[in-house]
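Subject: Structure handover

Hello,

Here is the structure for you to pick up. Please open it first, then read the notes below.

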Amino acid sequence: MLVEPVPSTPVNDDEIERLYALIRVPSVSADPAHADDMDRAAGMLAEEINRAGGRPEVRATSGHPLVVGEVPASSADPDAPRVMIYGHYDVQPPGDLDRWDSPPFEPTVRDGALYARGTSDDKGNLFMLLVAVQRQASRRRQPLHGEEESGGTSAVEAIADESESTSACIIFDI
Ligand SMILES: [Zn+2]
């Protein structure tokens, strides 16, 4: 079996706080006034790749920064399959603030669901995948070489560049 099942553990307080911190960054790619926020969110994702034991790189592009990181398989087997994870850290503008039940960049739980701009597209999805890699790596059960890409349209080119050496790609985006 490629991936041994491990008992699932709920997201912990530290993971929640790190996700909330990422969501609080108004990384609105369409608004040049948020360029610093784009850089800040990119740096936070680089830190998450670090936590997984990976080597992150924040690449300048003609658009927004592209965060790339490789996490080695725990076995260090060079022939272990490579799986690429893709997600994006930029969000759409919040639009009319009167239409929000809670501030767009303040994570708020209502009826068991988390609300804030970018939570489901794509920060929460991407963060969950990063936490899964971190947990596998910390148990030394990371069975795959992971390659993580995060950015906007510049990521598409980077994915195409890496596609020949990759066994699978997980894109958890809407
Ligand atoms: Zn998306």
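Which residues coordinate the zinc ion? They are His 88 (NE2), Asp 121 (OD) and Asp 173 (OD), at 1.9 to 2.1 Å. Donors here are N, O and S atoms within 2.8 Å of the metal (3.2 Å for Na, K and Ca); water is not among the atoms, so sites may look incomplete. Along the chain, the donors follow the spacing H-x32-D-x51-D. His 88 sits in the loop between strand S3 (82–87) and strand S4 (108–110), and Asp 121 sits in helix H3, so the pair ties together parts that are 33 residues apart in sequence. Helices (H or I, at least four residues) and strands (E, at least two) are DSSP runs, numbered from the N terminus.

A word on the source. This is a predicted model: local features need pLDDT of at least 70, side-chain atom pairs count only at pLDDT 80 or more, and totals for chains, interfaces and linings use all residues. Residues are numbered from 1 along each chain as its sequence is written, and side-chain values use heavy atoms, with hydrogens and water left out.

Next, the backbone. Asp 121 is joined to Asp 122 by a cis peptide bond, with omega at about 20 degrees. Asp 122 is also placed in helix H3. Ala 76 has a positive phi, near 60 degrees. Ala 76 lies in the loop between strand S2 (66–71) and S3. For context, most residues other than glycine have a negative phi, and most peptide bonds are trans.

Now the helix packing. Helix H2 (residues 35–51) packs on helix H3 (residues 119–138) at about 25 degrees, with axes 8 Å apart. Axes are lines fitted to C-alpha atoms, for helices over the stretch in contact, and angles run from 0 to 180 degrees between N-to-C directions. H2 and H3 are therefore roughly parallel (under 35 degrees). In H2, Leu 45, Glu 48, Ile 49 and Arg 51 meet Leu 126, Phe 127, Leu 130 and Gln 134 in H3; contact means heavy atoms within 4.5 Å.

Helix H1 (residues 13–24) and H2 cross at roughly 155 degrees, and their axes come within 10 Å. H1 and H2 are therefore roughly antiparallel (over 145 degrees). Leu 45, Glu 48 and Arg 51 are among the H2 residues that meet H1.

Best wishes

Conventions:
Parallel < 35°, antiparallel > 145°, perpendicular 65-115°, else oblique.
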